[in-house]
Amino acid sequence: MAGLEGMEQPQQRTGTAAVRGAPSVEDDLALRALDLFGNPACEEVRLPSRPESAGTARRMAEFVVARDWGLGHQLAEHAVLLVSELVGNAVRHTGARTFGLRMLRRRGWIRVEVRDPSRGLPCLMPVGELDTSGRGLMLVDQLSQRWGVDLLPCGKTTWFEMRVAEN
């Protein structure tokens, strides 16, 4: 590149295939997040424990599920919603400075993990019709095939798994 000799070029860390056609604004934001933090389908990425990180995690998850893995629109929508719920819980309830996001795919399944340093366990609570909060884990329970929490020596991993129709 002219004028950039000797300058270190940023490395693309995403491991993603090139996006076909003109990328949308959301694709562009997702690609920036993947370049900045890494690809949660390749390694656990660490995100700051701030409310705006939920949007970053949603964009990453949607890009991985829909673009990288080429899975269906409805599966991507559900995965994005559940990522948002787990990240929201990690941000609101743990007092952590950062949390980890990792996405795994194996034959017939995807698994999404959110790791934080708190050992406080999430609790699936009954929710009334007029309640304005507390529905996150209920959604995770309804839209995923399995979910759970793995305690770690320093914290926990909250995860969900969704079945994938293989072509």
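What follows is a short exchange about a predicted model of one protein chain.

Visitor: What makes a local feature or a side-chain atom pair count here?
Guide: In this predicted model, local features need pLDDT of at least 70 and side-chain atom pairs pLDDT 80 or more, while totals for chains, interfaces and linings use all residues. Residues are numbered from 1 along each chain as its sequence is written, and side-chain values use heavy atoms, with hydrogens and water left out.

Visitor: How many helices and strands are in the protein chain?
Guide: The protein chain has 4 helices and 5 strands. Helices (H or I, at least four residues) and strands (E, at least two) are DSSP runs, numbered from the N terminus. From that end the order is α-β-α-α-β-β-α-β-β.

Visitor: Why is L86 called buried?
Guide: Buried means under 20% relative accessible area, exposed over 50%, and partly exposed in between, with a 1.4 Å probe and protein chains only. L86 has 3% relative accessibility, so L86 counts as buried. L86 is found in helix α3. Of the 167 residues in the protein chain, 41% are buried.

Visitor: Which residues does L86 contact, leaving aside neighbours within four places in sequence?
Guide: Contact means heavy atoms within 4.5 Å. By that rule L86 is in contact with V114, L137, V140, T158, W159 and F160. L86 and F160 are 74 residues apart along the chain, and their C-alpha atoms are separated by 9.2 Å.

Visitor: What makes a set of residues a nonpolar core?
Guide: The members are buried Ala, Val, Leu, Ile, Met, Phe, Trp, Tyr and Cys residues joined through side-chain atoms within 4.5 Å. The largest such core has 36 residues, and V65, V83, V87, L101, I110 and F160 touch the most other members. Helix α3 gives the largest share of this core, 10 residues.

Visitor: Why is α1 called roughly perpendicular to α2?
Guide: Axes are lines fitted to C-alpha atoms, for helices over the stretch in contact, and angles run from 0 to 180 degrees between N-to-C directions. The axes of α1 and α2 come within 9 Å and cross at roughly 105 degrees. That makes α1 roughly perpendicular to α2, because angles of 65 to 115 degrees count as roughly perpendicular, under 35 as roughly parallel, over 145 as roughly antiparallel and the rest as oblique.

Visitor: Which residues of α1 and α2 meet?
Guide: E26, D27, L29, A30, L31, A33, L34 and F37 in α1 meet T56, R59, M60, F63 and R67 in α2.
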